[in-house]
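Biologist: I would like to learn how to read packing from a model. Could we take a few features in turn?

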Amino acid sequence: MRNNSLKELLDQFGLRIKEYIVNCPKHPLDGDEYSPLFRHGDNYITILFLSYSCFVGYPDEICKELKQSKYIGYSCITVLLNTDCDCRSIMLQNVLSAMKLNPHLRHKSKLILTTYVVQEKYRRMSHRRHDIYTFFKKYFKRLDKNGVKCSRSGLLHPNLESFDGVEQKDNNELNGVDLTKYRPKPKSVKIKNATSNDRHILRDHVIFHHLNVDNAVLMQCFINDPLDRMAETMFLKTQVLDDPMRSMQQVLMENDQILGYFRIIQASTNTDFYFCSINPAFAIICNNYYFTNQPEKKWRKGSEQDVKRIIRTLKIEGISHIIIQDCQRDKLQRIIEYFEKLDCRILKNFLFFLMTHGQANNVVETPDDTLDFRKDIVNRIAANPSLKDTNITMVLNACRGDIDPIYADYFDMEEFKYSSGQDKDLPPNVAVMNSVPDGMASLRCERHGSPYIISLCKNIHKNSDCRKITKLNNQDLLKDEMLSDWKEIAEIVLFDKHKEHRIDKEPFKAPPILDLMLKIVHDLEELGIFNRNEESGRQAKPLFYRIRR
């Protein structure tokens, strides 16, 4: 599958893989810092494969990037600890701690590779298949018969929920990690010197288990020669890029005989991880900027900033989306009708952002007419039977009346009727998030966009529950001195306001999601929604801009 079309597909949906090679600054290795398949730069190299980039550096700079980067466009992070020294455990702990501190990495697949050079007496095939396996199996004394999985080539897959042993002779603590509870039972086997320092092997297990980083896999590779260290990573690149849609466990379990190496693999959860994974969510962004039938409010200046901000937020969260600009009533209804019938059962979240002019009683305006937001949009999408188990989030950023929240007088505030936040006519899986309550005008800055969208995009990163997001939105909006006398500005309406409504971000295997996204692109082109030659007011502009992650 190595071709330009696959590369474009992986890039378009944010399925790139990022690799870090961490070198020890105190104990540099000779001759194996780089792979011959890399193209060198100063400190940055690009692998000559699809959608795969690599950074070689020292722990401080790599951990800083792991803490701070948003990793937009990446679905998987791999880290190779390129050292044989005693610093390996400290480097592992720092890397895992940095990953855990970055909320943008939580739902991405993470693979950490460490290597251990096998002593000469264990390098013969017969010994490697029996002695090393027996050695490690005895270390995990309390594992039941289902706790260890061994393939024909000697792959050991420990279940750390029942893990009890690490050979600890001196220190009871490693960088704040208490190791006393991991002491072995009296009958545990003694160190057999399979490697230069067997104690570090299990110490690395303890660190990985203790830090419990989400969606992470630790792979410990036992190699014959330090110069073979890069063979493991190059093997993974080859296998992954041959078929990037397979699960990480499948790649590791099915291809464990490269150069006869022995591996120990453990994962932070029992779910499958994928080198190429996609958030099973989809969003429609509909922004009406130019109104041909209303000279007095012809432009919605600033709304273009809202679109940019939402796109960036969705890219960070890994949500595929389409953008509909200046869509007239009949075409918007055709789009709604299409999604009303589309088989979307694979989606966990469906989001719809509508930014336009509006009126009281849920009336929203298109460039040429009006629609009832609840009846013509919300209810029709929610009527799709394949979405009954999907969380549907409808966001409306539009005026819903004439009361200006900034210039309203005391009596307007006292007599204003706020929503109860609960509507039994809504389906249980639907949340409607409004920028203002019914009867109030929505705020928009021509330079910076809507304060509501600014706050919403900021708080989506902080929380998954739409109720808490709305609470944070109100806290942000009411900080403005001109709005501080209001009880609330942002509004959310649910079937049951006491039940959370989440925008989950759990990754899912890419192929089914890609199939759905490509079907949407094709179908909307067939429906004439994506028509680059159609006039839309001022200029020829496609209603369907792009679908991307």
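Biologist: Leaving aside its neighbours within four places in sequence, which residues is T313 in contact with?

Modeller: This is a predicted model, where local features need pLDDT of at least 70, side-chain atom pairs count only at pLDDT 80 or more, and totals for chains, interfaces and linings use all residues. Residues are numbered from 1 along each chain as its sequence is written, and side-chain values use heavy atoms, with hydrogens and water left out. Contact means heavy atoms within 4.5 Å. With those sequence neighbours set aside, T313 touches C457, I460 and H461.

Biologist: Is T313 buried or exposed?

Modeller: Buried means under 20% relative accessible area, exposed over 50%, partly exposed in between (1.4 Å probe, protein chains only). T313 has 6%, so it is buried.

Biologist: Which residues of the largest nonpolar core touch the most other members?

Modeller: A nonpolar core is a set of buried Ala, Val, Leu, Ile, Met, Phe, Trp, Tyr and Cys residues joined through side-chain atoms within 4.5 Å. In soluble globular proteins, nonpolar side chains tend to be buried together. Here the largest core has 45 residues, and F339, F350, F352, I377 and M394 touch the most other members.

Biologist: Which element gives the most to this core?

Modeller: Helices (H or I, at least four residues) and strands (E, at least two) are DSSP runs, numbered from the N terminus. The answer is α14, with 7 residues. A second, separate core of 35 residues includes F416, M433, L477 and I503.

Biologist: And what is F339 in contact with, beyond its neighbours within four places in sequence?

Modeller: F339 meets F282, I284, I322, F350, N384 and I520.
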